Amino acid sequence: MELKVASLAERPEMHGRVTGMADTWPEFLRNDLVGNAHYARIAAELPEYVLFAENERGEVVAHAYSVPFALGAGGELPARGWDEVLVWAFGDLRRGLRPDTVSAISVVVAPPVQGTGLSARMLSAMRDNARARGFREVVAPVRPSAKHREPRTPMEEYAFRTRDDGLPHDPWLRVHVRAGGRIEGVAPASMSVAASLDEWRAWTRLPFDEEGLVEVPGALVPVHCEPDRGYAVYVEPNVWVRHTL
């Protein structure tokens with residue numbers, strides 16, 4: 001597939017087409033309050049960190065979002081992963097702090113062309129973009145792509161599972177390691193969604209009428225349901241990967 005990759009800073013007229021590209025995120029993940037508050041700000045306030053791929057017909061087929069932040073030399077990556085790095089990056093931007101690290105936020109491939117290797121190409125473009133801007137490291141709170149198939153497996157076990165060739169068992173983690181990334185550890189509370197049972201029912205079409213753990217399609221771990229109190233909470237672990245540039 002012949003592709004042209006650019007940033008929104010270079011092609012601001014593409015903003016609507018990039019942000020409006022179809023994706024396959026589970027509906028409940030669209031209701032992470034931190035993500036709702038900050039994700040759209042990346043394209044608006046940090047367009048140089050939003051890359052997109054356009055095919056020969058001029059269609060946007062993938063995009064990659066990242067944010068710069070001031071981690072500090074040898075800084076410890078936060079346990080609250082994706083949520084915290086979004087807040088951290090925009091806090092640094094507001095205070096005028098000079099960033100020293102880039103964090104991946106998402107790599108999204110349009111549904112018709114998923115499975116064609118575009119995710120690896122966009123990850124490579126994200127690394128190249130960070131390097132061109134003078135950064136020496138990209139970190140990523142990775143959402144393993146096949147973990148939803150075994151939600152009861154602890155992420156600490158799943159993240160470090162390997163194949164016979166020594167590469168990670170998970171396909172998306174494998175892409176990161178092949179690109180030069182190193183699995184650092186687990187972010188145990190990377191994304192959180194707390195909502196009423198009616199909201200969970202609407203998002204998942206599941207009854208949410210029994211106390212305990214509920215397995216939800218697309219969720220990496222079960223959702224904790226409290227029918228007597230009328231709410232359910234999902235706390236998603238991700239996997240921190242470091243890329244030295």
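Buried means under 20% relative accessible area, exposed means over 50%, and partly exposed lies in between, with a 1.4 Å probe and protein chains only. The model is predicted, so that local features need pLDDT of at least 70 and side-chain atom pairs count only at pLDDT 80 or more, while totals for chains, interfaces and linings use all residues. Residues are numbered from 1 along each chain as its sequence is written, and side-chain values use heavy atoms, with hydrogens and water left out.

View 1. R205 sits in the loop between α7 (197-204) and β7 (212-214), where helices (H or I, at least four residues) and strands (E, at least two) are DSSP runs numbered from the N terminus. R205 is not a glycine, yet it has a positive phi of about 60 degrees. Most residues other than glycine have a negative phi.

**View 2. F208, a buried residue in the loop between α7 and β7.** F208 counts as buried because its relative accessibility is 2%. The phi of F208, a residue other than glycine, is positive and near 45 degrees.

**View 3. The fold that surrounds these views.** The protein has seven helices and nine strands, and 51% of its 245 residues count as buried. Of the contacts (heavy atoms within 4.5 Å) in the protein with a separation of 6 or more, 73% are accounted for by residues 24 or more positions apart. Along its principal axes, the C-alpha trace of the protein spans about 55 × 40 × 40 Å.
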